[in-house]
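This briefing is meant to be read with the sequence and the 3D structure side by side.

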Amino acid sequence: MMLAFLRRWRDVEGDVTVLGAVRVALGVLLCANALRAADELRRGYFGDVFHWPFLPEALVPSRGVYAALVLGQLALAVLVVIGLRARDALLASSLLGTYVLLCNRLEYHHNRWALFCYAGLLAFAPCDRSFRVTKTAGARTGPLWAARLAQLQVSIIYLASGGSKLLDPDWRSGRVLLERFRLYAQSLDGPGIIAWLVAQVSRPDVTGVLAALAITTELFLAVGLWSRRTRAFALCWGILFHLAIEATSRVEGFTWLTLAVYALFVTPEMRAWRLLVATFTRPPKGN
């Protein structure tokens, strides 16, 4: 029974058009990550000050080598976006990015690791057949097992995040959210809608409710995105959930990374997908 399920998972095929769109989004995020690293290097190389590598110190690159790695990551990101040797560039980006993270655990962030994980998984999917600068190559349908693994990674992230929060009494009570909102409020520049919103939710009674809602949402999304009955609602609720996080916290590109990968869950039977396809494939009037 399990072997039959794994074979069906391995052999599933479908429309791969959306994979190209996800590839472009990941390429943009990889480019942003490389530009951030270049800006940090301009202000100082982490290897010249205190750092804490996972790897032996001898494997940490020199400043010159690290600068070359950053430039390489930027070049690979461009290839991913335009679709030239995109799958090779995705895999190389994933490996280079992982190596850089292993060089200094102080620079480790979950969103950066997730980005490199998704890039590595998508490298094994036919994501280079659409949304590219040159003529489309290959059939419109293809194997989706790697895309399914990327979807599984989404659920693993939600399950790990929601489960860890559920087991943490400070998170369940709302104390973690309260402190996060207060710290975020201090970083805002003057009054505004976001500052007003953060001020309204920076109360123990409110953060307790929001913490319970966040935990429930993450655990629901871990499974709700897979069912055809709940997928449309889960996608809409997940978008609102992540936009709310983006408005009240600093999470680098994690919001846009997650929303980009959400596209993998948009299946052909969904009305939104049919409308999108009809919009971009309808022949011009008069033809």
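In which helix does L91 lie? L91 belongs to helix α4, which covers residues 86-103. The model is a predicted one, and the points below are grouped by topic.

- In soluble globular proteins, nonpolar side chains tend to be buried together.
- In this model the largest nonpolar core has 47 residues, and those with the most contacts inside it are L19, L90, Y118, L122, L225 and L257.
- Helix α5, made of residues 110-122, gives the largest share of this core, namely six residues.
- Leaving aside residues up to four places away in sequence, L122 touches L19, V22, R23, L26, L90 and C127.
- Another core, of nine residues, lies apart from the largest one, and L41, F46, Y66 and C103 are among its members.

- L91, L95, F124 and W145 make a nonpolar surface patch of about 370 Å².
- L91 counts as partly exposed because its relative accessibility is 31%, a value that falls between the limits of 20% for buried and 50% for exposed.

**Cysteines**
- The structure holds zero disulfides, a term that calls for two cysteine sulfur atoms within 2.5 Å.
- For C117, the closest cysteine sulfur is that of C127, and because the two sulfurs are 16 Å apart, they are too far from each other for a bond.
- C117 counts as buried, because its relative accessibility is 16%, and buried means under 20%.

Methods:
Residues numbered from 1 in each chain as written. Predicted model: local features only at pLDDT ≥ 70, side-chain atom pairs only at ≥ 80, totals over all residues. Heavy atoms only, no water. Buried < 20%, exposed > 50% of the residue type's maximum accessible area, 1.4 Å probe, protein only. Patch = residues over 30% accessible without salt bridge, like charges linked within 9 Å, V, L, I, M, F, W, Y side chains within 5 Å. Areas by Shrake-Rupley, 256 points an atom, 1.4 Å probe, with all protein chains shown as cover. Salt bridge = Lys/Arg side-chain N within 4 Å of Asp/Glu carboxyl O. Helix = DSSP H or I, 4+ residues; strand = E, 2+ residues; numbered from the N terminus. Core = buried A, V, L, I, M, F, W, Y, C linked by side-chain atoms within 4.5 Å. Contact = heavy atoms within 4.5 Å.
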